[in-house]
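User: I would like a close look at one part of this protein, then its surroundings. Please keep it brisk.

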Amino acid sequence: MQTHRIAYDFLVLSSGIEYMEEAIPGFAEAQGAITVGFRAFEQQAVWRALEAHPGGDIMLSVPPVPYRCPIAAYARAALIAQWMDRRAMPGKVILLDQNPAIPIGGPTIQAAFRDLYPRRLEHHQGVKIIRIDAKKKLIETDRRVLTYGTPSMVPPMRAAPLLSPRAWANVGWQ
Ligand SMILES: Cc1cc2nc3c(=O)[nH]c(=O)nc-3n(C[C@H](O)[C@H](O)[C@H](O)COP(=O)(O)OP(=O)(O)OC[C@H]3O[C@@H](n4cnc5c(N)ncnc54)[C@H](O)[C@@H]3O)c2cc1C
């Protein structure tokens, strides 16, 4: 690989996030059958999965903080609930939240869930996801085993590999 050196006075590296797929057993093995949509250009895959929804419940998850754009996971759940409502689709949005409490905008989000989607959206807080079986379309949590029609799960996140100490060690920098 050809490399170039660029001098700078002040450097900002904004290299994004990496999904910690290994944190949810079964996630990596699902090989694309579970959309995430928290990195650029992935949102279309979530939309395509929704358009192909075969019926049943739509399973979403919220990773433990810190993760990118904390409110987005809740906003997405509300949008999907509204989308199902408008089409009078059977089924629910089930939001498995790995946080004990909503990390940002809690009262507003809770009021929206309660007032706008009381029968459509189930929000379970403080849930531990044990494993996902994408072939059988089921999720095991510390509370129960759930089946779903379409999943869109958000694994825990960390900084992109560019910012890991290993990456810097590779180029001989400290
Ligand atoms: C669903 C959703 C909704 C959101 N809504 C809002 C909102 O309304 N308002 C708001 O302010 N924010 C919002 N955000 C957050 C916002 O998108 C992110 O905070 C922002 O994109 C972060 O920018 P970034 O440059 O750090 O990372 P990114 O946008 O992920 O960009 C990082 C780039 O670095 C590149 N890169 C990584 N490693 C390397 C490497 N080794 N070599 C070369 N390139 C590399 C990647 O390919 C990528 O293009 C939302 C996020 C999500 C997921």
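How many residues does the hairpin that joins E6 to E7 pass through?

Analyst: The hairpin joins E6 to E7 through 3 residues. Bear in mind that this is a predicted model.

Start with the pairing on either side of that turn. Strand E7 covers residues 145-147. E6 and E7 pair in the antiparallel sense, over 3 bridges. For a landmark, take Ile139: its bridge partner in E7 is Leu146.

Now step back along the chain.

Next, the whole protein. The model holds 4 helices and 9 strands. Read from the N terminus, the elements go β-α-β-α-β-α-β-β-β-β-β-β-α. Along the principal axes, the C-alpha atoms fill a box of roughly 60 × 35 × 30 Å.

There is also a parallel sheet. This open sheet has 4 strands in the order E4-E3-E2-E8. Strand E4 (121-124) and strand E8 (150-152) are its edges, and each of them pairs on one side only. From one strand to the next, the twist averages 15°. Inside the sheet, E2 (residues 58-62) is joined to E3 (residues 93-97) by 5 bridges, and the two run parallel. Met59 stands opposite Ile94 in E3, which gives you a point to find on screen.

A helix goes with this sheet. H2, residues 70-86, lies across E2, E3, E4 and E8. Its direction is at about 170° to E3.

Two loops deserve a look at the backbone. One is the loop between E2 and H2, where Pro66 lies. The peptide bond from Val65 to Pro66 is cis, with omega near 5°. The other loop runs between strand E1 (17-19) and helix H1 (43-51), and Gln31 lies in it. Gln31 is not a glycine, yet its phi is positive, near 45°.

Last, the ligand. Its surroundings are Ser14, Ser15, Gly16, Phe38, Arg68, Cys69, Ala72, Arg76 and Leu162. By type, this shell divides into 4 nonpolar, 3 polar and 2 charged residues. Two polar approaches can be given distances. A polar side-chain atom of Ser14 lies 2.4 Å from an oxygen atom of the ligand. For Arg68, a polar side-chain atom lies 3.0 Å from an oxygen atom of the ligand. On its own the ligand has 1,000 Å² of accessible area, and the protein covers 37% of that.

Definitions and conventions: Residues are numbered from 1 along each chain as its sequence is written. This is a predicted model: local features need pLDDT of at least 70, side-chain atom pairs count only at pLDDT 80 or more; totals for chains, interfaces and linings use all residues. Side-chain values use heavy atoms; hydrogens and water are left out. A residue is near a molecule or strand if one of its heavy atoms lies within 4 Å of it. A polar contact is a pair of N or O atoms within 3.5 Å; within protein, one must be able to donate a hydrogen and the other to accept it, and residues adjacent in sequence count only if both atoms are side-chain atoms. Accessible areas come from the Shrake-Rupley method with a 1.4 Å probe; for residues, only the protein chains shown count as cover. Ala, Val, Leu, Ile, Met, Phe, Trp, Tyr, Cys and Pro count as nonpolar, Asp, Glu, Lys and Arg as charged, and the others, Gly among them, as polar. Two strands pair if DSSP finds at least two bridges between them. Axes are lines fitted to C-alpha atoms, for helices over the stretch in contact, and angles run from 0 to 180 degrees between N-to-C directions. Contact means heavy atoms within 4.5 Å.
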